[in-house]
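Let's take a walk through this fold, helix by helix and then loop by loop.

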Amino acid sequence: MPIESIDPTHVQRVVGTGAAAAAPRVGVVGGGQLARMMQESANALGIKLDALVEAADGSAAQVIPASTVGSADDIEAVLAVAGRVDVLTVEHEHVPDAILAAANKIVPVRPGAHALRFAQDKLAMRTRMDELSIPSPRWYEVHSAADVAAALARLSSRPNFDGAILKTPRDGYDGKGVMVIRHASDAAGWLEAAGPEGLLVEEKIPFTMEVAQLVARRPSGQMRTWPLVQTIQQDGVCFEVVAPAPEVPGALVTEVGEIAQRIAAKLDVVGVLAVEIFIAPNESGELQPYVNELAMRPHNSGHWTIEGAQTSQFEQHLRAVLDLPLGSTEPRATWSVMVNVLGSELEDPRIGYPEVMEQFPNAKIHMYGKAVKPGRKIGHVTVMGQNLESVRSSARGAAALLRGENPPQAPAAK
C-alpha cells in the first residue's frame, strides 16, 4: 500500500503520541498456544495483550501477564475484557455469536461475528462458498438415515467411489467431528446425537495433496498472502508443513491465492484467514482446488512464518486487527519445514534439548508449556534451508527427539 494512502489520524488514534502514550491493547479470547505465540510479537511491537484464558497455568497464561481465567461462553467475562482494550480478537472459533455481537458494542471485534460464523458453522460455510462459486466438495445437509442414503446414492455415481465424509456442523477440529461412511447405517449414532441443524455428508475428494493458503486482511481492505504450503496429516492432525508447497503448478498457486483473497473480502474477514484446500484431479485430469475448511485466526499451517517469513502470522494478525499497514510475507529461505511435536515419551520434552541442539543446530524449537498427553500438540520445530530433503530430515529428526524417539542422525540443513 502506498505510504500516502495511510490514514495518519488512524495511526495516531491506535498508537498514541509522545513518550507517555498508552500502548495499544488487544484483547484475546482463548488461552492456548496461538495466544501464547501472539505475545511474542506483541512484545516486539510494544502491544499489550489482555487474554481470557481457560486456566491460570495454561499455555497463554504462563506468558501473558494480563490474563483472566474465564470461559469463552461467559458473556460477563468476555465483556470485561472488551471494556479494557482497543480491539478484541480470538484465538479459537468457539465463541458464541451473541457474545461477540455484544462485545462489538463496546469495542471493535475482529474478526466480527458476521465473518466468524462461517468458520464456526460448516453448513453456513458450504452455503456461502456455493453462493460465491468457490470450488468445494459436493455436500448435502442430512437429518435422517433416508437423507444419508440419498446423499450417498448421488455421490456414488462418481467413478471409484470410496465412501463419503460425514461431518458435524460445529466444533470439529484435528480430525474430530469427521468420519468416513459408506452406508447410511454408518451414520446412525451421529444422527441420534445431532441437533436440529443436522449433519453434513460431503464428497470424499481423492486428493493428491492437502495445502493451506494464509491471507491477512485489515479493515481498510489491504491484504497480504504468504506462500502456499503443503500440510501433511497424521491421524487427522497436522503433522508437517512444507513452505512453499512443492510441485504445485504456478497457475494453480495463483488461483488458490485469488480464492483466499476473494473469501477474505467477501466474508469481511479481519485478521489472519487460513483456507485449507484439497488438490485433486478433475474429470479431465487437471489439478483443481477444493476448499475444505476455514479458520479465522493464526493457524497451525502458518507457524513456519515465525522464522521463515519476513512477517509472522502472529505479528500480521496484530497489525491487521489494529488496522495498521501489513508487513511483507516474503520467505526468508528457499524452504521451511515445520513439524509438530505430538505427544512424547519424555515426561518433560526439554530433557531432549541437549541432543536436539547438538544434532540439529539449525532447528528452532517452540514448546507450548503443556503437559504431555498422547497425540497432543505440545510444541513444534521449524528448520529452514536450501535443500528440501535436508531441511525436512532435520525438522523431523529434531521433533522425534523431543518425542523421546531416537532417529538416525540426519544431516544439518544447509
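## Notes on a predicted model

Start with N300: setting aside the neighbours within four places in sequence, N300 is in contact with C238, V241, M338, N340 and K377. Bear in mind as you look that this is a predicted model. N300 sits in the loop between β14 (287–295) and α10 (305–308). Is N300 buried or exposed? Its relative accessibility is 9%, so N300 counts as buried, the cut-off being under 20%.

**A covered helix and its crossing partner**

Now jump to helix α11 (residues 313–321). This helix is mostly covered, with eight of its nine residues buried. The buried ones are Q313, F314, E315, Q316, H317, L318, A320 and V321. Just past the end of α11 you'll find D323, which takes a positive phi of about 55 degrees.

How does α2 (residues 33–45) run relative to α11? Their axes come within 8 Å and cross at roughly 70 degrees. An angle of 65 to 115 degrees counts as roughly perpendicular, so that is the label for α2 and α11. On the α2 side, the residues that meet α11 are L34, M37, M38, S41, A42 and L45. On the α11 side, they are F314, E315, H317 and L318. Sorted by class, this contact of α2 with α11 has seven nonpolar, two polar and one charged residues.

From α5, the contact uses R117, F118 and Q120, and from α6 it uses K122, A124, M125 and R128. By class, the α5 contact with α6 has three nonpolar, one polar and three charged residues.

**A helix with one buried face**

Which of its residues are buried? They are A77, V78, V81 and A82. Viewed down the α3 axis, the buried residues fall within an arc of 140 degrees, so they line one face of the helix.

**A buried leucine**

L152 belongs to helix α7 (residues 145–155). At 7% relative accessibility, L152 counts as buried. Its contacts, leaving aside neighbours within four places in sequence, are F161, A164, I181, R182, H183 and A184. L152 and G163 are 11 residues apart in sequence, and 7.7 Å separates them in space, C-alpha to C-alpha.

As a rule, most residues other than glycine have a negative phi, and most peptide bonds are trans. Here are some spots to check against that rule.

| Site | Feature | Value |
|---|---|---|
| R110 to P111 | cis peptide bond | omega near 0 degrees |
| A243 to P244 | cis peptide bond | omega near -5 degrees |
| E247 | positive phi | near 60 degrees |
| D268 | positive phi | about 60 degrees |

Where do these sit? P111 is in the loop between α4 and α5. P244 lies in the loop between β12 (237–243) and α9 (250–266), and E247 lies in the loop between β12 and α9 as well. D268 is in the loop between α9 and β13 (271–281).

D268, with a relative accessible area of 32%, is partly exposed.

Key. Residues are numbered from 1 along each chain as its sequence is written. This is a predicted model: local features need pLDDT of at least 70, side-chain atom pairs count only at pLDDT 80 or more; totals for chains, interfaces and linings use all residues. Side-chain values use heavy atoms; hydrogens and water are left out. Helices (H or I, at least four residues) and strands (E, at least two) are DSSP runs, numbered from the N terminus. Buried means under 20% relative accessible area, exposed over 50%, partly exposed in between (1.4 Å probe, protein chains only). Contact means heavy atoms within 4.5 Å. The arc is that of the directions from the helix axis to the C-beta atoms. Ala, Val, Leu, Ile, Met, Phe, Trp, Tyr, Cys and Pro count as nonpolar, Asp, Glu, Lys and Arg as charged, and the others, Gly among them, as polar. Axes are lines fitted to C-alpha atoms, for helices over the stretch in contact, and angles run from 0 to 180 degrees between N-to-C directions. Angles under 35 degrees count as roughly parallel, over 145 as roughly antiparallel, 65 to 115 as roughly perpendicular and the rest as oblique.
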